[in-house]
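I opened the model to look up a handful of residues and the surroundings of the ligand. My notes are below, one entry per topic.

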Amino acid sequence: MGLITLNRPKAMNALNDDLSQEVIGVLKAFDGDASIGAIVLTGSEKAFAAGADIREMHEKSFVDMFNENYFSAWDVISTIRKPIIAAVNGFALGGGCELAMLCDFIIAGSNAKFGQPEIKLGILPGIGGSQRLTRLVGRSLAMDLILTGRLIDAQEAKACGLVARVVPPEELLSVALDAADKIASYSYPAVLLAKEAVNRAEEVSLSEGVRHERRLFQAAFATSGQKEGMAAFLEKREAVFSGR
Ligand code: CAA
């Protein structure tokens with residue numbers, strides 16, 4: 001299991017270029033490391049991340065943003081094959097909320113606050129917020145959050161499906177690490193196939209998605225994990241997966 005902790009306390013973990021490059025680099029390294037089965041991304045008790053770095057952006061022009069293709073580096077997260085859990089305490093705003101949504105699921109401390117307040121800065125979400133939030137919570141609430149810039153707390157985030165679980169803030173990291181450990185204990189190819197199948201649901205029609213899932217499901221029968229998992233069940237013992 002791999003743990004990444006955002007640590008720029010002076011700026012509420014605002015995502016400047018250095019922090020972004022570092023996080024993306026570590027995610028890619030974890031993805032290529034066979035000893036890591038799942039990844040947890042967290043921040044501090046005050047802030048997961050308060051967005052993209054406003055100080056770094058404020059003087060940029062359209063051409064600067066366009067030529068640098070600002071924020072496009074984050075797209076790589078959707079190519080990471082291993083599950084990534086966002087463990088969110090405190091503020092997850094703007095790019096911070098978008099980063100959490102780029103992860104596979106979010107576990108929130110009860111003190112968490114989510115929002116896309118870019119409208120207050122004269123801009124709009126730029127790391128996929130208008131698309132992922134809409135898919136996660138539906139058009140009406142996404143419009144509300146993106147157009148008014150209001151924040152929602154962990155309970156509302158849970159009620160609308162943005163967040164998978166809400167836990168006491170002090171238990172957040174251990175709950176997220178336990179979840180990552182559990183995922184990492186399962187058959188590695190089954191985990192990758194399952195993540196791929198769920199992600200497919202956002203891209204294709206229901207019938208195409210079900211067809212894709214069926215092929216992945218059938219492919220799981222070519223893994224040692226399937227043989228071991230089913231044998232262990234029938235022999236009433238714990239499965240021991242080899243990673244193959
Ligand atoms: N960028 C740069 N610096 C930031 C920052 C950000 N996104 N968020 C907070 N900071 C800095 C503040 O400037 C402040 O620094 P100084 O001490 O040097 O003044 C420090 O972090 C602490 O922040 P506050 O004093 O504001 O703390 P607070 O507790 O009063 O408020 C907050 C916390 C509600 C998170 C508030 O800081 C805030 O509203 N931050 C901005 C949130 C935001 O607008 N995010 C969207 C950014 S744009 C974006 O993300 C675009 C995109 O889609 C990719």
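These entries go from the ligand to a residue in a loop, then to the cores and to backbone angles.

**Entry 1: the ligand**

I noted at the start that this is a predicted model. I then asked which residues come nearest to the ligand. Of the 23 residues around the ligand, these are Ala 52, Ile 54, Gly 95, Glu 98 and Glu 118.

An oxygen atom of the ligand is 2.5 Å from an N or O atom in the side chain of Glu 118. For Gly 95, I found a polar backbone atom 2.8 Å from a ligand oxygen. For Lys 10, a polar backbone atom is 3.4 Å from an oxygen atom of the ligand. On its own the ligand exposes 980 Å², and the protein buries 63% of this area.

Next I checked which elements give two or more residues to the shell around the ligand. They are helix H2 (54-57), strand E5 (91-93) and helix H4 (95-102). H2 gives the most, with three residues. By residue type, I wrote down 14 nonpolar, four polar and five charged residues for the shell.

**Entry 2: Asp 53**

I found Asp 53 in the loop between strand E3 (47-49) and H2. Is Asp 53 buried or exposed? Its relative accessibility is 7%, so Asp 53 counts as buried, the limit for buried being under 20%.

I then looked at what the side chain of Asp 53 reaches. It makes a polar contact with the side chain of Arg 8 at 2.7 Å. Leaving out residues up to four places away in sequence, Asp 53 touches Arg 8, Ala 14, Leu 15 and Asn 16.

**Entry 3: the nonpolar cores**

I recalled a general point first: in soluble globular proteins, nonpolar side chains tend to be buried together. In this model the largest nonpolar core has 47 residues. Those with the most contacts inside this core are Leu 41, Phe 48, Trp 74, Val 88, Phe 114 and Leu 162.

I picked Val 88 and listed some of its contacts beyond four places in sequence; among them are Phe 48, Ala 100, Ile 106, Phe 114 and Leu 172. There is also a second, separate core of 14 residues, which includes Ile 85, Val 167, Ala 179 and Ile 183.

**Entry 4: positive phi angles**

Most residues other than glycine have a negative phi. I looked up two residues with a positive value.

Asn 69 has a positive phi of about 50° although it is not a glycine. I placed Asn 69 in the loop between helix H3 (62-68) and strand E4 (84-88). Asn 69 counts as partly exposed because its relative accessibility is 47%.

Lys 236 has a positive phi near 55° and is likewise a residue other than glycine. Lys 236 lies in the segment after helix H11 (224-234). With 78% relative accessibility, Lys 236 counts as exposed.

**Entry 5: Ser 205**

Where does Ser 205 lie? I found Ser 205 in the loop between helix H9 (188-200) and helix H10 (206-219). Its relative accessibility is 41%, so Ser 205 counts as partly exposed. I also looked up the separation between the C-alpha atoms of Ser 205 and Asp 181, which is 33 Å. These two residues are 24 residues apart along the chain.

Definitions and conventions
Residues numbered from 1 in each chain as written. Predicted model: local features only at pLDDT ≥ 70, side-chain atom pairs only at ≥ 80, totals over all residues. Heavy atoms only, no water. Helix = DSSP H or I, 4+ residues; strand = E, 2+ residues; numbered from the N terminus. Buried < 20%, exposed > 50% of the residue type's maximum accessible area, 1.4 Å probe, protein only. Near = heavy atom within 4 Å. Polar contact = N/O pair within 3.5 Å; in protein donor to acceptor, adjacent residues only side chain to side chain. Areas by Shrake-Rupley, 256 points an atom, 1.4 Å probe, with all protein chains shown as cover. Nonpolar A, V, L, I, M, F, W, Y, C, P; charged D, E, K, R; others polar. Contact = heavy atoms within 4.5 Å. Core = buried A, V, L, I, M, F, W, Y, C linked by side-chain atoms within 4.5 Å.
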